[in-house]
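Hi everyone, thanks for coming along. Today I'd like to talk about charged side chains and who pairs with whom. Let me put the model up.

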Amino acid sequence: MRTPDGQPSGTSRRDLLRALAAVGAVGVLAGCDLLAAPEPDPDPLLGLLTETRALLTAYDQVIAADSQSAAKLQPIRATHEAHLTALTAMISPPTPSATPAASGASVADLKKAEATAAKSAYDACLATTPERATLLGEIAAARATHLAVLS
């Protein structure tokens, strides 16, 4: 293109077409989510968090059903509640997940759940970062101690 005085202008039709093609390509790529940041992987401790919620539910059921065991079980339940609070603060779960419903829990069921949960916490402690290992080690130790109390 030329200006009215006959001089070439700074933008040609070819430059204009290139710019339009680039804008169109960006629009297509944005529509396909190719330019979007990938979603982060879920926190590896979400399973431990869910397991802790399930333990709380099981303890609540046994305490409600067996008043004789309530005095022995209430401090253990309080410990799990503190662990849930600490885990929630540490991992900031994306959305509150539903607590799995435990049906007909007994002290024997609690022992099984504690054994499984102690192993999970121990494994998580070994696999985590140093910043998280202290809390997870404390949780694993507490769950192992709970087994002794329940026996």
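Let's start with Asp 43, which makes a salt bridge with Arg 132, their closest N and O atoms lying 2.6 Å apart. By salt bridge I mean a side-chain nitrogen of Lys or Arg within 4 Å of a carboxyl oxygen of Asp or Glu. This pair links distant parts of the chain, 89 residues apart: Asp 43 is in the loop between helix H1 (13–31) and helix H2 (46–65), and Arg 132 is in helix H5 (residues 130–150). Helices here are DSSP runs of H or I, at least four residues, numbered from the N terminus.

A quick word on the ground rules. This is a predicted model, where local features need pLDDT of at least 70 and side-chain atom pairs count only at pLDDT 80 or more, while totals for chains, interfaces and linings use all residues. Residues are numbered from 1 along each chain as its sequence is written, and side-chain values use heavy atoms, leaving out hydrogens and water.

So, is Asp 43 buried or exposed? Asp 43 is buried, at 18% relative accessibility, and Arg 132 is buried too, at 17%. The cut-offs are under 20% relative accessible area for buried, over 50% for exposed, and partly exposed in between, with a 1.4 Å probe and protein chains only.

Now over to Arg 77, whose salt bridge with Asp 60 has its closest N and O atoms 2.4 Å apart. Arg 77 sits in helix H3 (residues 67–91) and Asp 60 in helix H2, so this pair ties together parts 17 residues apart in sequence. Arg 77 is buried at 15%, whereas Asp 60 is partly exposed at 34%.

Arg 77 also meets Glu 81 in a salt bridge, at 2.9 Å from N to O. Salt bridges with shared partners therefore join Asp 60, Arg 77 and Glu 81 into one network. Thanks, everyone!

Notes:
Helix = DSSP H or I, 4+ residues; strand = E, 2+ residues; numbered from the N terminus.
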